[in-house]
Amino acid sequence: MANEPPVPPETARQDLADGFDAWQRHFSDGLQRMQRSGELRQEADTDDPATCLFASTRVTNCRRIVRYGSALHRGRGRQATR
């Protein structure tokens, strides 16, 4: 990585935004499948809840890293499993 040219900040921001959008779409698609199968009301919004579901997975992951540390940052340290 040291030999690679740095990624311009705007490119990095766009890559992150694209990644977030892709995950949000996965959650939204899942909620839409639940609508089609009758598990979720047809009039229910799927986009906002999908965004909240994605955000909650990120918050949970951040809490684990803060609470138990990250094996990535500690070398061979124990990975958080809780």
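Reader: Is E43 buried or exposed?

Author: This is a predicted model, in which local features need pLDDT of at least 70 and side-chain atom pairs count only at pLDDT 80 or more, whereas totals for chains, interfaces and linings use all residues. Residues are numbered from 1 along each chain as its sequence is written, and side-chain values use heavy atoms, with hydrogens and water left out. Buried means under 20% relative accessible area, exposed over 50%, and partly exposed in between (1.4 Å probe, protein chains only). E43 counts as exposed because its relative accessibility is 60%.

Reader: With which residue does E43 form a salt bridge?

Author: Side chains of opposite charge can pair when their charged atoms come close. The term requires a side-chain nitrogen of Lys or Arg within 4 Å of a carboxyl oxygen of Asp or Glu. The partner of E43 is R41, with the closest N and O atoms 3.6 Å apart. R41 is likewise exposed, at 57% relative accessibility.

Reader: How many salt bridges does the structure hold?

Author: There are 2. One joins the side chains of E10 and R13 at 3.3 Å, N to O. Both residues lie in helix 1, 3 residues apart, about one turn of the helix. Helices are DSSP runs (H or I, at least four residues), numbered from the N terminus.

Reader: Which residues does Q35 touch?

Author: Contact means heavy atoms within 4.5 Å. Leaving aside residues up to four places away in sequence, Q35 touches L40, R41, Q42, E43, A44 and T46. Q35 lies in helix 1, which covers residues 9-37, and is buried, with a relative accessible area of 10%.

Key. Helices (H or I, at least four residues) and strands (E, at least two) are DSSP runs, numbered from the N terminus.
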